[in-house]
Structure formats: C-alpha cells, structure tokens
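Thanks for coming, everyone. I'll walk you through one structure today, piece by piece. Please have a look at it first.

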Amino acid sequence: MAGFKHLVIVKFKEGTAAADMLKGMEKLVSEIDAVKSFEWGQDIESEEMLRQGFTHAFLMTFDSKEDYTAFVGHPSHVEFSATFSTAIDKVVLLDFPCVVAKGSA
C-alpha cells in the first residue's frame, strides 16, 4: 500500500476565479504537514461528453487514513472548504487507500 489518497474533481461555477481557488488550495496544503503531496491539473484533452462539465482535478496523498482524517478536521481545511464549496457547481470526491500496481521509475 502507498498511503491514502483524496481525489477531488470539480466544475467551478461560471465566473469563479479558478486561479484564486488554486492559490487557496496550495496555501492550505502548505500549512498542513499531514499532506505528503498535492497535485492538480486542468483538463485540456477530454471530449465534453466524457468530461461531463468537470474541469479540474486535485489529488492529495497522506501516509494513512488517520492523517487524512486529521486533515479534514483541521481548522484551516474547515475554513477553506466553506469558501471552496461556494465556488463549485459539481464535485466528485473519492477517498481511498492506494495500491500501487506500477511505481514510478
């Protein structure tokens, strides 16, 4: 097993400054030691019918589910989540223990 993952896929509301949300997310993860890695990206390749309106993906890695639970309850996360929630039109969240089938070289 390679830790615990938190995957968030979103469609921001029309008029949302996605760059501001990204800055806020980067600030959040830099403040909380439980987050071991943070990656994000904006879809540029998928066909609209496959994307279903979702545009951005965020992936965080934690050493354990307990670290993820501590992150979720952290005051900075609670505060940012309130702001983030008002900016999104649609969201998918997946939280899962990670099993590596092929590691990076």
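Let's start in a loop. Glu45 sits between strand 2, residues 37–42, and helix 2, residues 48–51. One reminder before I go on: this is a predicted model. Is Glu45 buried or exposed? Glu45 is exposed, because its relative accessible area is 67% and the cut-off for exposed is over 50%. Now pair Glu45 with Val8. They are 37 residues apart along the chain. Their C-alpha atoms are separated by 18 Å.

Next, the annotation. The UniProt record, an unreviewed entry, gives "domain: Stress-response A/B barrel" for residues 4–96. What is that span made of? Residues 4–96 are 43% helix and 33% strand.

Now to strand 3, residues 56–62. Thr61 is found there. Thr61 is buried, because its relative accessible area is 10% and buried means under 20%. What does Thr61 touch beyond its neighbours within four places in sequence? Thr61 is in contact with Ala2, Phe4, Lys5, Ala34, Val35, Lys36 and Ser37.

Met60 has its own list. Leaving out residues up to four places away in sequence, Met60 touches Phe4, Lys5, His6, Met25, Val29, Val35, Ser37, Phe38 and Phe71.

That takes us to the core. In soluble globular proteins, nonpolar side chains tend to be buried together. Here, the largest nonpolar core has 23 residues. Which members touch the most others? They are Phe12, Val35, Phe58, Met60, Phe62, Phe71 and Phe84. Strand 1, helix 1, strand 3, helix 3 and helix 4 each give two or more residues to this core. The largest share, 6 residues, comes from helix 1.

Last stop, the largest pocket. About 230 Å³ of space lies in it. The lining has 15 residues, and the closest to the pocket's centre are His6, Val8, His77, Ser81 and Phe84. Which element gives the most? Helix 4 does, with 5 residues. And by class? The lining has 11 nonpolar residues, 4 polar and no charged ones.

That's the tour. I'll stop there.

Notes: Residues are numbered from 1 along each chain as its sequence is written. This is a predicted model: local features need pLDDT of at least 70, side-chain atom pairs count only at pLDDT 80 or more; totals for chains, interfaces and linings use all residues. Side-chain values use heavy atoms; hydrogens and water are left out. UniProt positions are given in the numbering used here, feature names are shortened, and annotations may be inferred rather than shown by experiment. Helices (H or I, at least four residues) and strands (E, at least two) are DSSP runs, numbered from the N terminus. Buried means under 20% relative accessible area, exposed over 50%, partly exposed in between (1.4 Å probe, protein chains only). Contact means heavy atoms within 4.5 Å. On a 1 Å grid over the protein atoms alone, a cavity is a set of points where a 1.4 Å probe fits but cannot get out, and a pocket is an open set with protein on both sides within 12 Å along at least five of seven lines; lining residues have an atom within 4 Å of a point. Grid points are joined across faces, edges and corners, and a volume is the space filled by probe spheres set on the points. Ala, Val, Leu, Ile, Met, Phe, Trp, Tyr, Cys and Pro count as nonpolar, Asp, Glu, Lys and Arg as charged, and the others, Gly among them, as polar. A nonpolar core is a set of buried Ala, Val, Leu, Ile, Met, Phe, Trp, Tyr and Cys residues joined through side-chain atoms within 4.5 Å.
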